[in-house]
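Me: I'd like to learn how to read a protein model feature by feature. Can you take me through one, with the general idea before each case?

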Amino acid sequence: MPTLVLNTNVSKDKIPEDFLKNTAKLVAEVLKKPISYVVVHVNPDQMMSWAGTSDPCAVGTLGSIGNLGTSQNVKISKVLFDHVKDNLGIKSDRLLYFSTCSCGEQEYSTANIYNNILTYPNLELCHF
């Protein structure tokens with residue numbers, strides 16, 4: 001079940017009403033999964049600081065069984081970053097997005113920063 005969790009200091013009243021619906025459709029599309037499997041969880045109004053300021057920022061985690069990996073994550077990161085930037089008004093240099101591959105598939109987890117992809121082969125983000 002693909003799950004996107006987005007933590008942001010953007011206030012709830014500044015998030016478009018259709019943001020969850022549109023984000024779920026986008027996640028389904030980029031992961032090639034049925035929308036009926038997709039979960040999107042947005043945590044607005046978070047107390048967050050990035051680079052010492054409280055300007056709008058976000059940290060997200062995307063998990064999925066399959067369809068994630070270093071090569072796919074470059075495309076997925078760009079699509080999700082552009083979507084968040086365009087809809088929430090967060091600059092791309094104030095977004096961090098982690099994707100996790102299925103632990104059962106014994107693939108590596110990767111962390112992605114738009115325009116500066118970093119791979120951490122030992123990062124374990126699957127918790128049970």
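Me: Let's start with a single side chain: how exposed is K78, buried, partly exposed or exposed?
Reply: First, keep in mind that this is a predicted model. The general idea is to look at the relative accessible area, where the middle class sits between 20% and 50%. K78 has a relative accessible area of 39%, so it is partly exposed.

Me: Which residue does K78 form a salt bridge with?
Reply: Side chains of opposite charge can pair when their charged atoms come close. Here the partner of K78 is D82, and their closest N and O atoms are 2.7 Å apart.

Me: How many salt bridges does the structure hold?
Reply: The count is 1.

Me: Let's zoom out. What pattern does the protein chain follow along the sequence?
Reply: For this, read the helices and strands in order. The chain runs β-α-β-β-α-β-β, with 2 helices and 5 strands. Of the 128 residues, 41% are buried. Among contacts between residues at least 6 apart in sequence, 70% join residues at least 24 apart.

Me: At what angle do the axes of α1 and α2 cross?
Reply: With a helix pair, you check the distance between axes, then the angle, then the handedness. The axes of α1 and α2 (residues 70-88) come within 10 Å and cross at roughly 165°. That angle is over 145 degrees, the cut-off for this class, so α1 is roughly antiparallel to α2. The crossing of α1 past α2 is right-handed.

Me: Which residues make the contact between α1 and α2?
Reply: From α1 you have F19, N22, T23, L26, V27, V30 and L31, and from α2 there are I76, V79, L80, H83, V84, N87 and L88. Sorted by class, the contact of α1 with α2 has 10 nonpolar residues, 4 polar ones and no charged residues.

Me: Can we pick a few of those apart? Is V30 buried or exposed?
Reply: V30 is in helix α1, which spans residues 19-31. Its relative accessibility is 10%, so V30 counts as buried. Then check what V30 touches: beyond residues up to four places away in sequence, that's I76 and V79. V30 and V79 are 49 residues apart along the chain, yet 8.0 Å separates their C-alpha atoms.

Me: And L31, which residues does that one touch?
Reply: Leaving out residues up to four places away in sequence, L31 touches P2, L62, S64, N67, L68 and I76. L31 also lies in helix α1, and its relative accessible area is 0%, so L31 is buried. As for P2, it is 29 residues from L31 in sequence, with the two C-alpha atoms 8.1 Å apart.

Me: Now the α2 side. Is H83 buried or exposed?
Reply: H83 belongs to helix α2. It counts as buried, because its relative accessibility is 12%. Setting aside neighbours within four places in sequence, H83 is in contact with F19, N22, T23 and L26.

Me: What about backbone angles? Which value does phi of K32 take?
Reply: K32 is not a glycine, but its phi is positive, about 55°. You'll find K32 in the loop between α1 and β2 (39-43). At 65% relative accessibility, K32 counts as exposed.
A51 is another case: it is a residue other than glycine, with a positive phi near 55°. A51 is in the loop between β2 and β3 (58-63), and its relative accessibility of 72% makes it exposed.

Me: One more loop: where is G89 placed?
Reply: G89 is in the loop between α2 and β4 (95-100). Its relative accessible area is 52%, so G89 is exposed. Apart from neighbours within four places in sequence, G89 is in contact with P56 and V84.

Note on methods:
Residues are numbered from 1 along each chain as its sequence is written. This is a predicted model: local features need pLDDT of at least 70, side-chain atom pairs count only at pLDDT 80 or more; totals for chains, interfaces and linings use all residues. Side-chain values use heavy atoms; hydrogens and water are left out. Helices (H or I, at least four residues) and strands (E, at least two) are DSSP runs, numbered from the N terminus. Buried means under 20% relative accessible area, exposed over 50%, partly exposed in between (1.4 Å probe, protein chains only). Contact means heavy atoms within 4.5 Å. Axes are lines fitted to C-alpha atoms, for helices over the stretch in contact, and angles run from 0 to 180 degrees between N-to-C directions. Angles under 35 degrees count as roughly parallel, over 145 as roughly antiparallel, 65 to 115 as roughly perpendicular and the rest as oblique. A crossing is left-handed if the near helix is turned anticlockwise from the far one by less than a right angle, and right-handed if clockwise. Ala, Val, Leu, Ile, Met, Phe, Trp, Tyr, Cys and Pro count as nonpolar, Asp, Glu, Lys and Arg as charged, and the others, Gly among them, as polar. A salt bridge is a side-chain nitrogen of Lys or Arg within 4 Å of a carboxyl oxygen of Asp or Glu.
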